[in-house]
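Open the structure in your viewer and keep the selection tool at hand. The tour below goes from stop to stop.

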Amino acid sequence: MEGLNFTENRSLIALLAAILPLFSFVFILASKKGGGANFALSTISLSFLLSIYLFSQVWNAEPEHKQLSWFLIGKVQFYAGILLNNLSVLMMVLVSGISVLVHIYSREYMKSDLNIHRYWAYLGLFCFSMLGLVISDSLLLIYLFWELVGFSSYLLIGFWFSKHAASQAAKKAFVINRIGDLGFLTGIMIIYTQFQTLDLARLFGDGGLISTSSVENGLWISGSQQMPVIWLSIAGFAFFLGAMAKSAQFPLHTWLPDAMEGPTSVSSLIHAATMVAAGVFLIARIYPVFDPLVLDVMVWIGAFTAFMAATIALTQNDIKRILAYSTISQLGFMVMALGIGAYSESIFHLTTHAFFKCLLFLAAGSVIHQIHHYCEKNSHDFDYQDIRLMGGLRKRMPFAFLGMCLASAALVGLPLTSGFLSKDSILIRAFEWAATREGVVVILPWLMVLTSWLTAFYIFRLVFKVFFGESREIKEDKLGHLNDSPVQMTYVLLILSFFCTFIVFAFNPASFESSWLWKGFQVSVIEEISIFHWMVPLILNFGSFVLIFITYKIYVLDKGLQSIEGTWFYRISNREWYFNEIYNFMFIRSVERISLLTYRFDRTVIDGLVISMATLTTTISFIIDWFDRKIIDGLVNATGSFSKYIGRFFRNFQSGRLQHYLTTMLLAVLSFFILSYLI
Amino acid sequence: MIPISHFMLISAGLFCIGLYAVLTRRNAIQVLIGIEFMINAAVLNFVAFGRYDKISGGGQMFALFAIVLAAAGVAVALAIILNVYKYFKSINPTKTDTLRD
Amino acid sequence: MNLLSILIFLPIAAALLILVLPSGFQQRFKYISLGVSMIQFVLSVFIYTHFNNTAAGINREEQFQLIEKLPWIRLDLGSIGKLEIDYFLGIDGLSMPFLMLSALVMFVASLASWEIKTNLKAYFSLFLLLNTAVMGVFCALDFFLFYIFYELMLLPLYFLIGMWGGARREYAAIKFFLYTLFGSVFMLLVIIGLYFSVLNPATGNHTFNMVLMMDPGNYINGSVFSAMAGQSILGISARLLAFIVLFIAFAIKVPIVPLHTWLPDAHVEAPTPVSIILAGLLLKVGGYGILRICFSIFPDAAIQSAWWIGLIGLISIIYGAMNALAQTDLKRLIAYSSISHMGFVLLGIASVTTEGLSGAMLQMISHGALSAMLFFLVGMIYNRVHDREISNFRGLAELMPQFTFFVMIAFFASLGLPGFSAFMAEAFSLIGAFTSEDVNGLLPRWMAIGASVGILLSAAYFLWTLQRMFFGQVRLKGGDTWKDQLVDVNTREKFALVPLAVLALLLGIFPSLLFDKMNASVLALVQLITG
């Protein structure tokens, strides 16, 4: 490791920011049980401060790229290094910032847990891998951190490992992410074969290898290297598969709702704000590799995922599951945006979504936390994540209510919120994109609008059910125990609420073009059509308000629509489009069955072959043994026994009786005489 | 004159009777008697063939000699039989088979 | 006395010492064997640090390091010439890593031998004999010497499995012995054929020198294995046939599907230390042999059969993983996972690219450490409650947190979590296999993509096991008695597990520790094979 020569200290700072949480992981794991909160918080805070500093240095400045040699295989040198540009510093601030908030929140939220030191350690590992992921400069390093992120998510989902569902969900998350990893790895193999390097700057930078490679006569050519052009598309699909798994896109989305078995703070940090955004981040980072075919698929997958998840969220009753599906739906928006080329809009939405979705989870978490305590105090037990059993919490938990309302408004994209800026920008781009095309794609923006309206319905259904009306389970006379969460948690909610407003991202609440963040990534290639810029937000918000009003009527004033339960639409939505059942049947069962079959094959056929060879050999040897004993040895024995029989015959004459001897003599003499007479 | 063949027939008959007795009797005394029969058959032959040696009477002489020898033999044989009886408590020759291998 | 000779014959000396010592000392024997492996490890670290990275070795005798060459058997055979067998040792980048691995695995196996309670004198002398044989195989450069060490491994293993093994130990031992012997007997024929085909240019005698066998110029014109002559046996080219015979001999050790069935039985019935050695070292002898002998001496035949070898690797990966999924016995599961992981070695080797070969080598070292760790961990559970059935355990994480920690390291490292050596190894085996179509056109691209499914399956069976045995509420078949018996990791066990975990982690983060040492050799090997 000689020549650690980071001449400029920006890269060193980035390295330090990433490594600090790793220290926290190692030290807390090595330390005694029960502690670690302060250490974890201080390391991640330091990390956050460093990220802020870096952000101020790198944002809209010259990108920074420093690397040193990692290892050499054959003649190919692999480097490990740090690549800092707008995207990575933005992600750094986002990840470390939200982590700090979640750390503060968790001090209270996880206080009573016995194995809390593991929790802090795992959070440290997660922050390390996530920060490492965003600053890495080569595909191999990104892949490394990519899987580490999945691993820390596995640990955190399965944090309460004695719960069966939690360990099940952790396994499911890891295995499904592994499917994506295979895609990622395949992509790496293709890129490496084509370009003999995995360095991001060399591949995707200005005048990078990807942009100089060309497609001619069905061949994908780069320098002297060439392969059929189909491999370019396959590479795109492969990377996209990786992103799909991590960002929970159809058909690899089923792990995310199950991942809600982890602590809510974890769901908020990992499964809403940061890790699931890694897929979108990956697509953004290697954007040039995707060819039009892949981008089209991306559009449809994203759009379908957004729509499907929204329909599922309509009828869920577990508060965290609704939010999980909402996350999937929003990630679908981002993926779709990337597919249509709305690069900056997608990153913008990623950022705003991180804040408001984090807030949604944390507010939900404080509701769950308080109800949990209420249950413990009153020794009253019910499912404290079921929104059907909640109600009327508005007055008891005003801060949670405030946070939840703001975040929901941002999620729906109501004016004056951050979501209004980012989400509407995506929809505007979608309309613009569709306007340049013909055919079935025209329905795509309308599908997204519909999805957006559904969002308004399901999220306000949640708000109204939890915070309005009356609870069936929580009795009014005992409500004295139920109030807002401890101050630490409430502060976090307030800070996040601030980040859900437009002011953080743009001074003009109506125009996303004025956002500093959007400008930071502006590479848009879509032709602007100004009519959409005021029409789309208008239609969208009008529809949203109408739907919120309807929701209010249904769930607060209790009017109509309750009979929808039992219809086929309700069933499909409630059972999450039966994906789990289908996968269970198609993949898990069949793999299990195939594995049992192969094992039986192994035991009976292959080992059976070996054993039957052995049996054959022993049988042949038995036959030979028989032949040897009976035939060959038999001949020898026969000579022996022949003389024995003769001896035995003559022995008979030796009877010891004189008269016999005499008789014999007589017979002998007589026969002698007879013979001599005859001859 | 009695032809010589008559003597020989009688002698052969005697011999055969004696032989039969020797081979089949279950009593040593009877076997001994059988032996006497055979000796006497021989003696009879001597006497009968003495006809052809009238001058020196060799046939008669041999007959006398054989009779004496037979008497001595019988004495010895009886002594053996007595001893056999003492030892085996039986004079059945089939019982005295200690010569067997 | 050369360093390598010390490395090889130190265990034999210790074994003699153990044989001479009275049985009253038998509780000390394990310390002797532990001490031997520690000395070996120190020596191998010394060799590692003083290793010359630039000397390639492979087919250049002068580039081998720590060479020791003594005439051993010289017999005048009259008209056939002079029998020339050398005591010829030497290492290059291909064999050096295995010396370290052997010393480390032997160290761990010695620590695992604490569980052996009966007939200690015989056990430890056989154990040390095995140590000698393994070290010898990796150092020998004379084919005859190699064969002697190769066969010498079998004998102690047969007794170690047959006498100290589990319930069906005799069946397993005889199956293992016959299976491997079957492979090596035919190898002997090829060795003799090679002997009569190759002349030592320096002395003009026939020779067993492996390095000389790699040079086509040393073959007698018109001899059986001369590349020019193109002789054929039974309608198959003689060189191809010899390659296949040698390949099968080593492939049984690796093992490949469908020649693998000795492995689950032998691993399961063997006592823990022997399982560790079997998985950690014996399988590597197969891979090493394929590289050092099959591919180096018969490069033309290797190129011809690369496609098939790659296919076998792919089948082994998937098939082993599928079988592992179906297992209910923890040890058997790990045995099948070994088959799957060794498939990557085969795939990497078959690609004949620098990436693939480096990946295969790293995979062998990495799997050596990790499988040793896995079997050690299984042995720990088995020692405590004499049961390894997965369904009989549940919620072990609460009872044995430290044990679970080590299990998770071993499992995740094995399933290829980045940061651990197996990840680098599998990734580069696959990358090598993938680039092969462009570099030398040996393997089609779908093989690499198909093989990557094995990574997914390995995640599935390891995580499923983790979930079934370690997570959830505590529920044991043996009830409270088991609860008392299942104590957490003790100091001795930590001494065994930590070095292995550290090795896996180090090689995962700094693969250059290994790649740098063997890069020159790998390049030379690729050059030799592809010409």
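Is Trp446(C) buried, partly exposed or exposed? Select Trp446(C): with a relative accessible area of 46%, this residue is partly exposed, where buried means under 20% relative accessible area, exposed over 50% and partly exposed in between (1.4 Å probe, protein chains only).

A note before going on: this is a predicted model, in which local features need pLDDT of at least 70 and side-chain atom pairs count only at pLDDT 80 or more, while totals for chains, interfaces and linings use all residues. Residues are numbered from 1 along each chain as its sequence is written, chains are lettered from A and ligands numbered from 1 in the order in which they are written, and side-chain values use heavy atoms, with hydrogens and water left out.

**Aromatic pairs**

Over all chains, the count is 84 aromatic pairs. Rings of Phe, Tyr and Trp (its six-membered ring) pair if their centres lie within 6.5 Å; planes under 30 degrees apart count as stacked, over 60 as edge-to-face and the rest as tilted. Trp307(C) lies in helix H11 (residues 299-325) of chain C and Trp446(C) in helix H17 (residues 445-470) of chain C, so the pair ties together parts 139 residues apart in sequence. Helices (H or I, at least four residues) and strands (E, at least two) are DSSP runs, numbered from the N terminus. Trp307(C) is also partly exposed, at 32%.

Next, select Phe405(C) and Phe406(C), another edge-to-face pair, 5.7 Å centre to centre and 70° between the planes. Phe405(C) is partly exposed at 41% relative accessibility, whereas Phe406(C) is buried at 7%.

**Between chain A and chain C**

Now show both chains. Here 55 residues of chain A are in contact with 65 residues of chain C, contact meaning heavy atoms within 4.5 Å. Select Arg603(A) and Asp265(C): they form a salt bridge, with the closest N and O atoms 3.9 Å apart. The rule (a side-chain nitrogen of Lys or Arg within 4 Å of a carboxyl oxygen of Asp or Glu) finds two salt bridges across this interface.

Which elements give two or more residues to the side of chain A that touches chain C? Among them are strand S1 (64-73), helix H6 (164-195) and helix H24 (579-651) of chain A. H6(A) gives the most, with 16 residues.

Last, select Trp70(A), Phe71(A), Phe78(A), Tyr192(A), Phe428(C) and Phe515(C), which ring pairs link into a cluster.
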